Amino acid sequence: SCSMLSSISSSPLNQLRAAVSLMPSASHIAATMSSSKKEKEFDPEKNLVYEKGFFDDFTDRDYSAKAWTVANQKWGSGYNNGVKASNVNYTKDGILVLQANGDYYAGELGENGKRSGAAIISNQVFGPGRFEVKMKVLPRFGATSAIWTFFYGDADGRKDLNQEIDIELNVGNDFTEVWNTSWHTTKSKATSKYNSHTINNDGEWHTYKIEWHTNPERIDYYIDEELTCSSSSMVPWCAGRLWIGCWFPDAWAGEPDFETDYMLVDYVRYIPYQNNPCTVTNPKIGAYGEYPSTPIELPVANLISNGDMEGDASAWIRTSDTKSCVLDGIGTGKSKGLAIPNADMAYQFVTGMYEGFEITLDFNAKLKEPGTEAYILVECRPLASTVIETIRIDILADGKKTEDGFIKQSRTFVLPEGCKRLEVSLICQKGSVVFDDLYMSKSYKKG
């Protein structure tokens, strides 16, 4: 400025020194150029073509039926029964319901329904762009919720390409972890494992996003606008279909110690990038089923497997010498009930249960003889056998009874830090007891 120059000595050397001091440094120039170049290359808004985007909120059944194919196939190693078309449904107010059945499923699909999930596949083939899915993940260990772009086949003179970009939730029995993976072939991939600090199975809606660029090659992955990974390795160059679903991998997602639960999708959005070239493809879809014709009521899962005692009795794990058993006609309204004799018990695990979850357990119990002492013991555990905290719920002998002699009880509690699973034990210390209609629900109370 004029004031700065007027204070400088008039000698040529001092004037030169002053001029140099006012110039930006070489490192500053390089940083500015790099920043400018980075902003120019990686600004995600720069090349988005909104008017050519795709959006589905599942409120228009006919539109969704044209936009999606329902998968009915199997992949992966180990014991799983793939994804079933009958596990895909939607509600009248626009929620896509993707059902997953664990080891204690006892529905119409029978044994073929155990370890079966659900998935939809876009009929449109998508190139580089922004993929965004708002959803509630399947909240149980044993299965993974995922969104992925996919092309498998021959292109550009190369055979057996496997062009794929994945976001996978529930990695190694941890709903705060996410896998972000991209593939070129079935043997060449780049994977990052990231702790998102979000408990993804908290029952809240979360938004998952993939931003796929080919100019320059770059993939950004987000959860609720938090960048979980930015990768320039193994970036696909072939257009593909978008898949959304839940399925049962071999081992790395844990054991599916549950009956049935649900992955829910609110909406799907895609916006293409211009100036990002890719190879146009028309990948095969494979085995498929029909999009459901009528809506259903939004289902709510019981966290207790076989809580009504009408399903798979093996859900209640018992020691080899137990005499506890499920019998006809002893439950509420002459239904099936679980009879536990003197000094005996039955139990099961409930997984994916995190600190801050508020749990409500409702149940019916009948004390079969005077002086019976029975209770439910809920043990809060990490994955290992250590017990962090216990909640004991005594069956109240003087509690209000139904006409058929059952005592209705309920208990609400908040899970402690470090919890990942519950062990729920039905115990008869003295006498004999019948349990029926156990129902466990959760909400997230920790901000």
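Guide: Two strands pair if DSSP finds at least two bridges between them; strands (E, at least two residues) are DSSP runs, numbered from the N terminus. This is a predicted model, in which local features need pLDDT of at least 70, side-chain atom pairs count only at pLDDT 80 or more, and totals for chains, interfaces and linings use all residues. Residues are numbered from 1 along each chain as its sequence is written, and side-chain values use heavy atoms, with hydrogens and water left out.

Visitor: In β24, which residue is the bridge partner of Met-345?

Guide: An open sheet of four strands runs in the order β19-β24-β21-β22, with antiparallel pairing. Its edge strands, each pairing on one side only, are β19 (344–351) and β22 (389–394). Eight bridges link β19 with β24 (residues 421–430) in the antiparallel sense. Within β24, Met-345 has as its bridge partner Ile-427.

Visitor: Which residue of β9 is the bridge partner of Ile-167?

Guide: Eight strands form another open sheet, ordered β10-β9-β8-β7-β14-β5-β2-β16, with antiparallel pairing. There, β8 (residues 158–169) is joined to β9 (residues 177–185) by seven bridges. The partner of Ile-167 in β9 is Asn-180.

Visitor: Is Glu-132 buried or exposed, and to which side chain does a polar contact of 2.6 Å join its own?

Guide: Glu-132 lies in strand β6 (residues 129–136). Its relative accessible area is 10%, so it counts as buried (under 20%; exposed is over 50%, partly exposed in between, with a 1.4 Å probe and protein chains only). A polar contact is a pair of N or O atoms within 3.5 Å; within protein, one must be able to donate a hydrogen and the other to accept it, and residues adjacent in sequence count only if both atoms are side-chain atoms. At 2.6 Å, the side chain in polar contact with that of Glu-132 belongs to Tyr-267.
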